[in-house]
Amino acid sequence: MSLSGPTTNHNEIRIWAESHQIVPTELLPHVLDHEPAELRMMLAGQANGHPDIKVLTWEEFFLKFDSLGLTFVYDDERAGYNEILQIEEKSPYRPPKYRPAHVKH
């Protein structure tokens, strides 16, 4: 596996996703038990036919992505493999820690 990232670079994320026919999505409902939905990157064909998935524009996705302090990891060799992680700690003195993001926005 050839992982790239973590990255918060919008251009890098968008280029990778579009080259693999992956779109930014949000799991519906938007709010469940006062908790916001999850952000995901999915194959376009899977996202478009799924009633519980809303395809987001890149602007919508990155607005939520940035406001939540998220980062992105992907694999160029395994098309479609990606993870959205939440940065747990931002410190100028220590490298950041990451955890899987069952993204709350």
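## Basis of the model

Helices and strands are taken here as DSSP runs, numbered from the N terminus, a helix being a run of H or I with at least four residues and a strand a run of E with at least two. The structure is a predicted model, in which local features need pLDDT of at least 70 and side-chain atom pairs count only at pLDDT 80 or more, while totals for chains, interfaces and linings use all residues. Residues are numbered from 1 along each chain as its sequence is written, and side-chain values use heavy atoms, with hydrogens and water left out.

The predictor's confidence in each residue, pLDDT, runs from 0 to 100; its average over the chain is 78, and 72% of the residues score at least 70. Confidence is highest in α1, at 93, and lowest in strand β9 (residues 97-100), where the mean is 55. Where pLDDT is low, the predicted coordinates should not be read in detail.

## Overall architecture

Three helices and nine strands make up the secondary structure of the chain, and along the sequence they follow the pattern β-α-β-β-β-β-α-β-α-β-β-β. Of the 105 residues, 38% count as buried, where buried means under 20% relative accessible area, exposed means over 50%, and partly exposed lies in between (1.4 Å probe, protein chains only). With contact defined as heavy atoms within 4.5 Å, residues 24 or more positions apart account for 55% of the contacts that have a separation of 6 or more.

## Helix α1 and the residue that follows

In α1, the buried residues include Ile 13, Trp 16 and Ala 17. They cover an arc of only 95° around the axis, which puts them on the same side of the helix; the arc is that of the directions from the helix axis to the C-beta atoms. Asn 11, Ile 15 and Ser 19 are exposed on the other side of α1. At the start of this helix, a side-chain oxygen of Asn 9 comes to within 2.9 Å of the backbone nitrogen of Asn 11.

Just after α1, Gln 21 takes a positive phi of about 55°, and this residue lies in the loop between α1 and β2 (22-27). Most residues other than glycine have a negative phi. Gln 21 is also exposed, with a relative accessible area of 60%.

The buried residues of α3 are Trp 58, Phe 61, Phe 62, Lys 64 and Phe 65. Seen down the axis of α3, these residues fall within an arc of 165°, so they line one face of the helix, whereas Glu 59, Leu 63 and Ser 67 are exposed on the other side. The helix is followed by Gly 69, whose phi is positive, near 65°.

Aromatic pairs are rings of Phe, Tyr and Trp (its six-membered ring) whose centres lie within 6.5 Å, with planes under 30 degrees apart counted as stacked, over 60 as edge-to-face and the rest as tilted; the structure holds eight such pairs. Trp 58 and Phe 61 form an edge-to-face pair, at 6.0 Å centre to centre and with 85° between the planes. Being three residues apart in α3, Trp 58 and Phe 61 are separated by about one helical turn.

## The nonpolar core

A nonpolar core is a set of buried Ala, Val, Leu, Ile, Met, Phe, Trp, Tyr and Cys residues joined through side-chain atoms within 4.5 Å. The largest one has 16 residues, and those with the most contacts inside it are Met 41, Phe 61, Phe 65, Phe 72 and Ile 84. At least two residues of this core are supplied by each of α1 (10-19), β5 (39-43), α3 (58-67) and β7 (70-75), and the largest share, four residues, comes from α3. Leaving aside neighbours within four places in sequence, the contacts of Phe 72 include Ile 13, Trp 16, Met 41, Phe 65 and Ile 84.

## A buried glutamate and a loop histidine

Glu 26 is placed in strand β2 and counts as buried, at 0% relative accessibility. Its side chain makes a polar contact with the side chain of Lys 64 (2.9 Å); such a contact is a pair of N or O atoms within 3.5 Å, of which, within protein, one must be able to donate a hydrogen and the other to accept it, and residues adjacent in sequence count only if both atoms are side-chain atoms.

His 50 lies in the loop between α2 (44-48) and β6 (53-55) and is partly exposed, with a relative accessible area of 35%. His 50 and Leu 27 are 23 residues apart in sequence and 9.8 Å apart in space, C-alpha to C-alpha.
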